[in-house]
Amino acid sequence: MQFLFPTFLFALAALAIPIIIHLFHFRRFKKVYFTNVRFLREVKEETSARRKLRNILVLLMRCLALVFMVFAFAQPFIPRDNDVKKGEKSVSVFVDNSFSMSALSQDIPLLDKAKQRARDVINAHPVDDRFQVLTNDFEGRHQRLISKEDALVMVDEIKVSPAVRELSKVMTRQKQALSSGTAENQAAYLISDFQKNITDLDNYGDTTIDLTLIPLQAVQEKNIAIDTAWFDAPVQMLNQTNALVVRVRNLSDENAENVRLTLKHEGQVKPVGTLSIPANSSISDTVNITILRTGWHEAELAVTDFPVQFDDKYFFTFKVAEEINVLTINDLQPNNFLEKAFKGMANFKVTSQQSRSLDYSKFADFQMIVVNELPSISSGLAFELKQFVDNGGNLLVFPSNNANLGSYNSFLKAFPANELVNYENTQRFVGRMNTDEFIFNDVYQNRTANLKLPVTQGNFKLTSFGSRGEERLLTYRDGTPNLTKYAIGQGHLYFSATPLNSEINNLVRSGEIFIPMLYKMSISSAKANKIAYTIGRDEVIIADNKIQGGGETVYKLQGAGEEFIPEQRVVSSKVYLDVHDKIEKAGYFDLYLNPAEKLAKYAFNFDRKESVLEYLNVDALTEKIGANATVLGTSAAASITEEVSERSRGVILWKWCVILALLFLGIEVLLLRFFKV
């Protein structure tokens, strides 16, 4: 047995007090009247013996009561091991408040049970210890140590949150808070359902912090979730059917039949169909959306599922441009075939300018730029074209047959792209079209049909560095490239090895190739526009910058019942918005500079990480965490306060000392009252 405060044992010197009282108080004599002196000796002997016995018993009870009162203040305990730490502690308690904790245990939601376990842990520690209460929200007020009373109040305020964190990140926050305290003894508690996808604490090895895991588990582990959705094409077109791919997951051990999938668009809810999903697998289905107007659209996919419902809806937005702006940069005269090709496409607007009279500040207004047979590309134009592609633009370059190799190669090297070697006046035939690539994919119903591929009367030889990331769209019969593609930044560079001049290249006369090629190049994107963002992830929203003249106006995001100013950084024609953890509810948010003009619309969904209801049981958790941490299973749930107290300070005996002290005082009272002498 050991004592938490052994200095209180000096108070045992107070045992002299009852002994002194015994020696002086009980030696006083009382007068006894009797009638017959014959009985004097017998009465005296009998009374003296009973009184002496009672006095000794009373003295013993008083001494024992005093001894156990002193022990109670010294707080004796029986250590479970040799590492019981004495003194003040800093204690961190993490309560998992993610969506999975809203599932039911046997009687109440897991979160309510987790909050009760947190209270038990806090109550198991003395009032002078310092506490941190941490949740998945990582709020600022959760990053410091507080009193026991404040910690209990903070536990009561915990609510279900869309945020979800890996436990390694949770431990990092706990260590930061614990290190800010002055106590040498530190303890951390993790109260969670310990889903497999967040439990990344393998073989915990930090011996400076006592780590305890308290697992909770739901009764039912079934869930159907809409995992994600995306459009097949990077740009959605007006008056056309746009294919949306939806992936739905069955996160249970049983097959899911007749799962009803619906689409809400333009205020109407349309049944898409019913799905049959095998156990523990996912399927993808295609939803066709016909777009009848330009501008921003809101849409919502939904399935019917119970009881886990946070992942049953998937919100997304997309924009249909009123027109696609194309700029052609010419040396002197524009190419008539090129002009007519774009003007013949619905919703396309083509602008032709000479290279010597360009307004570089207007480049951001175009989705595609065509460089048409310039003899040379100046350094200023080369820089602006590179910026245009980096920011998501599509650039198509047709060199002149008498092109300045130095200026062109300097321009191509900046991307980087394969460079020009020399021009050869040789007739050559294109022998292969890459129909697996987006530009020519889904253009022809029969890919094996005999298309009339281009024939050129001259072309440039190109270098062939594999590191340049070249993708060949049209290839000559000898395997050298005719038309290549490079994914640069958020845009594309398309480069032709031959001029567009119809006397050199008959591509302009092959309408079945030339027209769809220009169309698909104009709407292509190296990075498809995001139709939805995930709450809680560090995602950056990139939008067109509409602030003119360097004003101090700030962008704002407004959703259902909430509005906030995101962190924003303006770079050239783009603004980068960071929402951090400001969004807590799934839905739609409008971006604006002034409320009268909505600039963009974004959709946010809850993180699907919580959809996977796979947990680590006590045995698996114990094996994963290693020997330096403790896992309190369900057997300790009913008496977790005592369990934590005993683990922290051994088997605590001060309560028993108080009980024994009161017991001995009670016996003393009974002796004085009923033991007659």
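Student: Which residues make the nonpolar surface patch?
Tutor: F5, F8, M69 and F73 make a nonpolar surface patch of about 370 Å². For a patch, residues need over 30% relative accessible area and no salt bridge; like charges are joined within 9 Å, and nonpolar side chains (Val, Leu, Ile, Met, Phe, Trp, Tyr) within 5 Å. The accessible areas come from the Shrake-Rupley method with a 1.4 Å probe, and for residues only the protein chains shown count as cover.

Student: Before we go on, what am I looking at, and how are things numbered?
Tutor: This is a predicted model, where local features need pLDDT of at least 70 and side-chain atom pairs count only at pLDDT 80 or more, while totals for chains, interfaces and linings use all residues. Residues are numbered from 1 along each chain as its sequence is written, and side-chain values use heavy atoms, with hydrogens and water left out.

Student: Ok, back to M69. Where is it found?
Tutor: M69 sits in helix 2, which covers residues 40-74. Helices (H or I, at least four residues) and strands (E, at least two) are DSSP runs, numbered from the N terminus. M69 has a relative accessible area of 32%, so it counts as partly exposed. The cut-offs are: buried under 20% relative accessible area, exposed over 50%, partly exposed in between, with a 1.4 Å probe and protein chains only.

Student: New topic, helix 4. Which of its residues are buried?
Tutor: Helix 4 (residues 148-156) has K148, A151, M154 and V155 buried. Seen down the axis of helix 4, its buried residues fall within an arc of 120°, so they line one face of the helix. That arc is taken from the directions from the helix axis to the C-beta atoms.

Student: And what covers them?
Tutor: The cover over the buried residues of helix 4 includes helix 3 (110-123) and strand 4 (130-134). Contact here means heavy atoms within 4.5 Å.

Student: What salt bridge does D156 make?
Tutor: The D156 side chain meets that of R119 in a salt bridge, 2.9 Å from N to O. The pair links distant parts of the chain, with D156 in helix 4 and R119 in helix 3, 37 residues apart. A salt bridge is a side-chain nitrogen of Lys or Arg within 4 Å of a carboxyl oxygen of Asp or Glu. D156 is partly exposed at 43% relative accessibility, and R119 is partly exposed too, at 22%.

Student: How many salt bridges does the count come to?
Tutor: The count is 23 salt bridges. Among the residues involved, E139, R141 and E157 are linked in a network.

Student: How far apart are K386 and D390 in their helix?
Tutor: K386 and D390 are four residues apart in helix 7 (residues 379-390), so about one helical turn separates them. Their side chains meet in a salt bridge of 2.8 Å, N to O. K386 is buried, with a relative accessible area of 17%.

Student: What about R428, which residue is its partner?
Tutor: R428 forms a salt bridge with D478, and the closest N and O atoms are 2.1 Å apart. This pair links distant parts of the chain: R428 is in strand 19 (residues 428-433), and D478 is in the loop between strand 22 (471-476) and strand 23 (481-488), 50 residues away. R428 is buried at 9% relative accessible area, whereas D478 is partly exposed at 48%.

Student: Last one: is I523 buried or exposed?
Tutor: I523 is buried, with a relative accessible area of 4%. I523 lies in helix 9 (residues 511-523) and touches P234, V235, M237, I324 and F438, not counting residues up to four places away in sequence.
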